[in-house]
Amino acid sequence: MNIPNLLTVLRVLLIPVFILLFYLPFYWSYLAASAVFTVAALTDWLDGYLARRLGQSTPFGAFLDPVADKLMVAVALVLLVEEHANLWLTLPAAIIIGREIVVSALREWMAELGARAQVAVSNLGKWKTAAQMVALVILLANPSQPTIWVGLGYALLIVAAALTLWSMINYLMAAWPHLSPTEKK
């Protein structure tokens, strides 16, 4: 265990904390849940930075880091879909979760073929993650009432969903030579 791995484990352990805070019947519960989610999101950046800077990348960290990220985002989206219960949030949430399943399966399959680098994380994925995390922080902090903040959160989540689709298409195009059937001669 090293500091980057401990931060990743902390991110997983914070998931039930932000769920509990989200459901507490207090006026401050949404803000508290959003704050815990924000801390978890920042540890995602920090653990990667420290792992690279300190040369502490490990197989455990390489496995758990993306799992922790996907769990954190999927749980936040599920909470928000239940709370907001509308198309403006549900459709982008379904796109984001669906894309994560498709791209994770694609990466796993490409790794089996020895072509994992063909579907490595791109800068587009980083922009998608940034828009998604900011949208989730905003939406978790605010009850589902029509406010400028909720509107901004919806807009950013829609942008994140569009970037999500774009990045998935890029990954699929990069993997296409390995996915398409080839004729035997």
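This is a predicted model: local features need pLDDT of at least 70, side-chain atom pairs count only at pLDDT 80 or more; totals for chains, interfaces and linings use all residues.
1. Annotated spans. The unreviewed UniProt entry lists residues 7-24 and 151-176 under "transmembrane region". In the model, residues 7-24 are 94% helix and 0% strand, with 26 Å between the end C-alpha atoms. Residues 151-176 are 100% helix and 0% strand, and their end C-alpha atoms lie 37 Å apart.

2. Helix 3. This helix covers residues 59-84, 26 residues in total, and extends 38 Å from its first C-alpha to its last, close to the expected 38 Å. Ala-85, which follows helix 3, has a positive phi near 45 degrees.

3. Burial along helix 3. The buried residues of helix 3 include Gly-61, Leu-64, Asp-65, Ala-68, Asp-69, Met-72 and Val-73. Further along, Ala-76, Leu-77, Leu-79, Leu-80 and His-84 are also buried. An α-helix has 3.6 residues a turn, so residues three or four places apart point the same way. The packing partners of the buried residues of helix 3 are helix 1 (3-23), helix 2 (29-53), helix 4 (87-112), helix 5 (123-141) and helix 6 (148-179).

4. Pro-66. This residue also belongs to helix 3. Pro-66 is partly exposed because its relative accessibility is 31%, between the limits of 20% and 50%. Its C-alpha atom is 18 Å from that of Leu-165, which lies 99 residues away along the chain.

5. Salt bridges around Arg-11. The whole structure contains 7 salt bridges. One of them joins the side chains of Arg-11 and Asp-47 at 2.6 Å, N to O. Since Asp-47 is in helix 2 and Arg-11 in helix 1, this pair ties together parts that are 36 residues apart in sequence. Arg-11 and Asp-47 are both buried. Arg-11 also forms a salt bridge with Asp-65, at 2.5 Å, N to O. Here Arg-11 lies in helix 1 and Asp-65 in helix 3, so parts 54 residues apart in sequence are tied together. The relative accessibility of Arg-11 is 0%. A network of salt bridges links Arg-11, Asp-44, Asp-47, Asp-65 and Asp-69.

6. Arg-99 and Glu-100. A salt bridge connects the side chains of these two residues at 2.9 Å, N to O. Glu-100 is buried at 12% relative accessibility, and Arg-99 is buried at 4%.

7. Nonpolar surface. Val-102, Trp-109, Leu-113, Leu-172, Trp-176 and Leu-179 make a nonpolar surface patch of about 520 Å². Helix 4 and helix 6 each supply at least two of its residues, and helix 6 gives the most, with 3. Trp-176 is in helix 6 and is exposed, its relative accessible area being 52%.

Conventions. Residues are numbered from 1 along each chain as its sequence is written. Side-chain values use heavy atoms; hydrogens and water are left out. UniProt positions are given in the numbering used here, feature names are shortened, and annotations may be inferred rather than shown by experiment. Helices (H or I, at least four residues) and strands (E, at least two) are DSSP runs, numbered from the N terminus. The expected span of a helix is 1.5 Å times one less than its number of residues. Buried means under 20% relative accessible area, exposed over 50%, partly exposed in between (1.4 Å probe, protein chains only). Contact means heavy atoms within 4.5 Å. Patches are made of residues with over 30% relative accessible area and no salt bridge: like charges are joined within 9 Å, nonpolar side chains (Val, Leu, Ile, Met, Phe, Trp, Tyr) within 5 Å. Accessible areas come from the Shrake-Rupley method with a 1.4 Å probe; for residues, only the protein chains shown count as cover. A salt bridge is a side-chain nitrogen of Lys or Arg within 4 Å of a carboxyl oxygen of Asp or Glu.
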